[in-house]
Amino acid sequence: MLQYHFNWKVLSAVAGITWWNFYFRLYRRTIRAPEVVNFLGHLLRHLPGKLLLVWDRSQTHRGRVVREFVTRQRGRIELEYLPAYAPELNPVEYIWGYWKHHELPNFCPHDFSQLSYQARRTLRRMRRRPTLVMAFWEQADLFPL
């Protein structure tokens, strides 16, 4: 029997996907409104022009802090929501599925630093594969190609 006691509580990931790439951030805490706003700022710095965000109906996405941030962007961000309970329509869910089952299977880090390093390394490697990124869209079938 293998037992291992980790000294961290959570590593959370957030991502946004375009036709050709995806952007991500890792947080050492549960993702709440401040992390969503932080990530939106990250997207705005890296992606020029207007952004259409297609989100699930998580309260974190619909909360006051996030709505106020979006309003302050003066039309640069437009929001649309997926139907309730439809994760199969969200291409980001396929990023996480591939990441867990193909990039990190059986990975048992010794500490948070090793987990964080490997998580970032594998996500960066994944996003350098345009055919893989397109496959996430095809699986979601949100916008048939």
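This is a predicted model: local features need pLDDT of at least 70, side-chain atom pairs count only at pLDDT 80 or more; totals for chains, interfaces and linings use all residues.
1. Start with the buried side of α3. This helix spans residues 64-72. Val 66, Phe 69 and Val 70 are buried there. They cover an arc of only 100° around the axis, which puts them on the same side of α3.

2. Now look for what lies against that side.

3. The face away from its buried side carries Arg 64, Thr 71 and Arg 72, which are exposed.

4. Check the residue at the end of α3. Arg 74, just after the helix, takes a positive phi of about 50°.

5. Move on to α6, residues 130-140. Leu 132, Val 133, Phe 136, Trp 137 and Ala 140 are buried in this helix. Viewed down the axis of α6, these buried residues fall within an arc of 150°, so they line one face of the helix.

6. The buried residues of α6 have their own cover. It includes the strands β1 (12-17) and β2 (22-27). The helices α4 (91-103) and α5 (112-127) are also part of the cover.

7. The other face of α6 is worth a look too. Turned away from the buried side, it carries the exposed residues Pro 130, Thr 131 and Glu 138.

8. Finally, see where α6 ends. Just after the helix, Asp 141 has a positive phi of about 55°.

How values were computed: Residues are numbered from 1 along each chain as its sequence is written. Side-chain values use heavy atoms; hydrogens and water are left out. Buried means under 20% relative accessible area, exposed over 50%, partly exposed in between (1.4 Å probe, protein chains only). Helices (H or I, at least four residues) and strands (E, at least two) are DSSP runs, numbered from the N terminus. The arc is that of the directions from the helix axis to the C-beta atoms. Contact means heavy atoms within 4.5 Å.
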